[in-house]
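I opened this model to look up a helix, a loop residue, a strand and a pocket. My entries follow the structure.

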Amino acid sequence: MQQTVHAATAGVSPTIIDATSVARRIADNVANVIIGKNDVIEQALAALIADGHILVEDVPGVGKTMLARSLAVSIGGTFSRIQFTPELLPSDVTGVSVYNQGTGDFNFRSGPIAAQLVLADEINRATPKTQSALLEAMEERQVTVDGTTYDMARPFLVLATQNPIEYEGTFPLPEAQVDRFLMRIRLGYPLKAHEVNILGLQALTHPIDNLERTVSVEELSKAQEAVRDMYVDDSVKEYIVDLVATTRDHPDVYLGASPRGSLALFRAARAWAAIDGREYVLPDDVKLLAEATLAHRLIVSPSARIKNVDAAQIIEDALAHTPVPGSRVRAT
């Protein structure tokens, strides 16, 4: 984890200290594979500990799949990979009921969605109908097949990768699908020194081959529970709501972030504070995570797109025009 994570833990509750320890161990482990992207790793960890799903949007070859695999190995949970293609059917994701001639009953055969960490690789290469097969699982942690509901294993995380929409053979994600992702992150190209390091590390084998589990699924679940007790001052809650409301009223926005966006930013900020070893959320946490949690939920107006205005610029403008609350001491 980045050296910026250095908060003193004196007086911090043991559960938060444990959550911080879990996050640091996972981050250090993943950093052995994803070189020079500590900030992205921390964002992914915030989503993981906040029990939210991640959309990784970037060009091919920058490590999107490796990030998912590294997280899966680090927590030791069950892992499945779904390669999304135009031919993929919804039943290929959720599973099917198969008739058993011997018993005369239908037996359910679960699909690859029935894992604790699911990599939805190149999700925008499947049709919207197949993409929508993930909706129930992501929102309600269950799938319904032939009228029967099956619960997902916990913890449950969907990490989807997406190539930019300008690439041929892709379909834009439905707005309802995009809104289910707690955060959208981008890896970007590595710096020259980091890329040289990558060449050396992968000269003989890939670092993922030597990666080992660093925390248990039970430890991760406890960390997720710990952040739910994170203190968030009312002024910070109001700041989150005001910031989201600003996106709805922005002149360059056709459709702003929904209340689910407010909740996403709220949950991510609590997890970020826990990762940093604190048991309270700061306005800086909100500002740091605003783009990752809100930008993908905005629909930029056609006139703004003509002027090359994007969602990231709108979030930056919203942050600049939303008053930041002053510091308040938690009552004891």
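These are my notes, one topic at a time.

**Ground rules.** I am working on a predicted model, where local features need pLDDT of at least 70, side-chain atom pairs count only at pLDDT 80 or more, and totals for chains, interfaces and linings use all residues. Residues are numbered from 1 along each chain as its sequence is written, and side-chain values use heavy atoms, with hydrogens and water left out.

**Helix H1.** I took helices (H or I, at least four residues) and strands (E, at least two) as DSSP runs, numbered from the N terminus. H1 covers residues 14-30, 17 residues in total. Its first and last C-alpha are 24 Å apart, close to the 24 Å expected at 1.5 Å a residue; the expected span is 1.5 Å times one less than the number of residues. Next I checked burial: buried is under 20% relative accessible area, exposed over 50%, partly exposed in between (1.4 Å probe, protein chains only). The buried residues of H1 include Ile16, Val22 and Ile26. I then asked which helices the buried residues of H1 pack against. They are H2 (38-49), H3 (64-75), H9 (217-227) and H11 (259-275), with contact meaning heavy atoms within 4.5 Å.

**Ala133.** I found Ala133 in the loop between H5 (128-131) and H6 (135-140). Is Ala133 buried or exposed? Ala133 is buried, because its relative accessible area is 14%. Leaving out residues up to four places away in sequence, Ala133 touches Pro90, Val93 and Thr94. Gln177 is 44 residues from Ala133 in sequence, and their C-alpha atoms are 9.5 Å apart.

**Strand E8.** I counted six buried residues out of six in E8 (residues 157-162). In a regular strand, side chains alternate between the two faces of the sheet. Leu157, Leu159 and Thr161 are buried on one side of E8, and Val158, Ala160 and Gln162 on the other. E8 pairs in the parallel sense with E1 (residues 53-57) over four bridges; pairing takes at least two DSSP bridges. Glu57 stands opposite Gln162. E5 (residues 117-121) also pairs with E8 in the parallel sense, over four bridges. Leu119 has Leu159 as its bridge partner.

**Largest pocket.** I noted 32 lining residues. Nearest the centre lie Glu57, Arg184, Ala295, His296 and Leu298. Elements giving two or more residues to the lining are E1, H7 (175-178), E11 (299-300) and H14 (311-321). H7 gives the most, with three residues. A pocket here is an open set of points on a 1 Å grid over the protein atoms alone where a 1.4 Å probe fits, with protein on both sides within 12 Å along at least five of seven lines; lining residues have an atom within 4 Å of a point.
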